[in-house]
Amino acid sequence: MPPPTDNNPLLPYQLPFPPDAMTEIVIPDANTSDERLWVPQAENVSFRPLCLNRSQGYWVTLLRVRKAGLLSRHRHPQPVHGFVLKGSWRYLEHDWVATPGSYVYEPPGETHTLIVPEDVDEMITFFHVSGMMYYVDPWGKGVGFDDVFTKIELCRAHFEKVGLGADYVTRFLR
C-alpha cells in the first residue's frame, strides 16, 4: 500500500525514532570565546571538542594555533577532512596553502608536517580525524600518537582543572 499523500510539507516526522538511536549533538556556539572549552594540547595549541566518537574511532574538533612555526609531523592511517575558518597553514611536503574557506582532504597514508606561517597570529581549522595521528620523525619512525581516547582523556583532565568537571566531556561522546 503506498504511503498517504503529504499535504502539509511542514508537518514534522510523526513516528518515534529507533529506540537505540543516539541523540544528536548540537553546539550553537562552537567557535566560542569561552577559554574553558579549549583543551590545551601543546604550548599555544588547543582544540575545541565537537564530537568524540568512541565506537567508530574518530574525533571532530576545532584546532586553534596561536603561534607561528612547526606544529607536528604525523601520518594518518585513515582519512581526515579539514575546513579552515581563520588564519592559514600548510604542509612542508606540499606546495599549497590552506586559507580561510579552504577544504582539505587527507587520504589514508598521508604523512606531513604542519606549519603555521609567520604572519598568522591565530589559526582555527575544523578537523574530522578518523583513526589516529601517528607522530613520526622525518624518516617515519614513530614518536607518539593521538586517538579519540587520548583526546577524551585530555578533555577530562582539562575540564576538571577549569571547574567544569571531568564528566563535562560526556556531552561530546558518541
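Visitor: What makes strand S3 (residues 58-65) largely enclosed by the rest of the structure?

Guide: Eight of the eight residues of S3 are buried, so the strand is largely enclosed. Buried means under 20% relative accessible area, with exposed over 50% and partly exposed in between (1.4 Å probe, protein chains only). Strands are DSSP runs of E, at least two residues, numbered from the N terminus. This is a predicted model: local features need pLDDT of at least 70, side-chain atom pairs count only at pLDDT 80 or more, and totals for chains, interfaces and linings use all residues. Residues are numbered from 1 along each chain as its sequence is written, and side-chain values use heavy atoms, leaving out hydrogens and water.

Visitor: How do you know that both faces of S3 are covered?

Guide: Tyr58, Val60, Leu62 and Arg64 on one side are buried, and so are Trp59, Thr61, Leu63 and Val65 on the other.

Visitor: Which strand pairs with S3 over eight bridges in the antiparallel sense, with residues 123-130?

Guide: That is S10. Two strands pair if DSSP finds at least two bridges between them, and eight bridges join S3 and S10. In S10, phenylalanine 127 is the bridge partner of threonine 61. Strand S2 (residues 45-53) is also joined to S3 by eight bridges, running antiparallel.

Terms used. Helices (H or I, at least four residues) and strands (E, at least two) are DSSP runs, numbered from the N terminus.
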